[in-house]
Amino acid sequence: MKGSEIYRNVAEKLRLLRTLTGVSQQQVADYIHVNRSTYSYYELGESKPPLDILCALAEYFDVDLGYLTGTEEIRHGHKFYTLLK
């Protein structure tokens, strides 16, 4: 998988997970200590979040980093498993 594909996956997954959890971009941005506009760029795929931010986002949404990057499927038993499968 190419780097550009990984970040495209991250952008798609961030939008999806945020929508499913019903939180705002501002709430996520506050959690990872960035401006809302910075987080918005992550969701749009216009900016690449650094590894520490990716890890914080995976923690926030309670998913594996591999799921967020598109290298792994959502783990069985996760609260969104049936929705994301």
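The model is predicted, so to speak of local features I need pLDDT of at least 70, side-chain atom pairs count only at pLDDT 80 or more, and totals for chains, interfaces and linings use all residues. Residues are numbered from 1 along each chain as its sequence is written, and side-chain values use heavy atoms, with hydrogens and water left out.

**Overall make-up.** I read six helices and zero strands, in the order α-α-α-α-α-α. Helices (H or I, at least four residues) and strands (E, at least two) are DSSP runs, numbered from the N terminus. Of the 85 residues, 38% count as buried; buried means under 20% relative accessible area, exposed over 50%, and partly exposed in between, with a 1.4 Å probe and protein chains only.

**E43.** I looked up E43 in helix α3, residues 36-44. E43 has a relative accessible area of 3% and is buried. Its side chain makes a polar contact with the side chain of R18, at 2.4 Å. A polar contact is a pair of N or O atoms within 3.5 Å; within protein, one must be able to donate a hydrogen and the other to accept it, and residues adjacent in sequence count only if both atoms are side-chain atoms. Setting aside neighbours within four places in sequence, I find E43 in contact with A11, L14, R15, R18 and Q25.

**α2 against α4.** Helix α2 (residues 25-32) packs on helix α4 (residues 51-61) at an angle of about 125 degrees, with the axes 10 Å apart. That angle makes α2 oblique to α4: under 35 degrees counts as roughly parallel, over 145 as roughly antiparallel, 65 to 115 as roughly perpendicular and the rest as oblique. Axes are lines fitted to C-alpha atoms, for helices over the stretch in contact, and angles run from 0 to 180 degrees between N-to-C directions. I noted which residues meet: Q27, V28, Y31 and I32 from α2, and I53, A56, L57, E59, Y60 and F61 from α4.

**Positive phi.** H33 is not a glycine, yet I read a positive phi of about 60 degrees. H33 is in the loop between α2 and α3 and, at 72% relative accessibility, counts as exposed. D62, also a residue other than glycine, has a positive phi near 55 degrees. I place D62 in the loop between α4 and α5 (65-69); at 39% relative accessibility, D62 counts as partly exposed.

Methods:
Contact = heavy atoms within 4.5 Å.
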